[in-house]
Amino acid sequence: MIRYFEEKTIAKLNFISLLLIIALLSLGMGYLFIAGYNDVFKDELKKVEEDYIFLRKEKIRNLVNLKISDIEHKNSHVLDLLKERLNKQVSTAHNISSIIYHTYKDSKSDLEIQGLIKEAIKSIRHAKGEGFYLICADRRKMIICPAPNIFNEIVLDDFPGARGETTLRKIMRRTKTIGESYFTFQDSSKGVQRGGVFFLKRFDVFNWFIGSLARYELIESEIKERVFQDLKNESEQVKEANTIEVYELLEG
């Protein structure tokens, strides 16, 4: 009887041990399978992430390259854009002066009208505060000059050896024959070479000349600012776009 129970107990123990072994093997194999699958999943996820970042960067890089091409194209027309702007500014001042003269020519003296015109031109403002220049041809003198001694600081490309009064005389002589004229110049007075344009228009009534100048950097900075703003606007239109990526690439 004891032998019977012993054999029966041993059989149960063997069966339980077998179940434990099977359970341990199953758990071990399951762990190895899950661990292996998890490693594969991590690798695939990393590849997907890398591909996404690569495609995202390529998309932004292509966008930046297009904008850079746009900058280069517009930069090739900076001189034309600057001339157009100066023409509008000086023509506006010229028209105001003409209106003032014709309004008061029968009721005020020439000296009073000249004072009104000078005050009107002084009050006009435009970008970067370059201001207007008013020159009296009869006295060869600057009546209004926002930047004192400007013609001692800049070098006109057409008159590289001229300075001060000599420059005034030359630009007035040329402008007098055709009514208006553009003069490109170089300015290195502040240690940095800066080019620009000076535009002069004759005001026949008093034998005056109205002028204005602007430097290329004014238009260039505006073009770049416009491109940056375009990039920002386009990035904001894309859902969940990361605008920081745009600026990081631009800085690079």
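**Exercise 1.** Which residue takes a positive phi in the hairpin of E1 and E2?

*Solution.* First, some ground rules: this is a predicted model, where local features need pLDDT of at least 70, side-chain atom pairs count only at pLDDT 80 or more, and totals for chains, interfaces and linings use all residues. Residues are numbered from 1 along each chain as its sequence is written, and side-chain values use heavy atoms, leaving out hydrogens and water.

Next, find the strands (DSSP runs of E, at least two residues, numbered from the N terminus; helices are H or I runs of at least four). E1 covers residues 132–136 and E2 covers 141–144; they pair in the antiparallel sense over 3 bridges (pairing takes at least two DSSP bridges). Cys136 has Lys141 in E2 as its bridge partner. With 4 residues between the strands, the one to pick is Arg140, with phi near 50 degrees.

**Exercise 2.** Work out why Ser181 counts as buried.

*Solution.* Start with its place: Ser181 sits in strand E4, residues 180–187. Ser181 counts as buried because its relative accessibility is 6% (buried is under 20%, exposed over 50%, partly exposed in between, with a 1.4 Å probe and protein chains only). Beyond four places in sequence, Ser181 contacts Arg174, Thr175, Phe198, Phe199 and Leu200 (contact: heavy atoms within 4.5 Å).

**Exercise 3.** Which element gives the largest share of the largest nonpolar core?

*Solution.* This core has 25 residues, and Trp208 is one of those touching the most other members (a nonpolar core joins buried Ala, Val, Leu, Ile, Met, Phe, Trp, Tyr and Cys through side-chain atoms within 4.5 Å). Suppliers of at least two residues include H2, H3 and E1.
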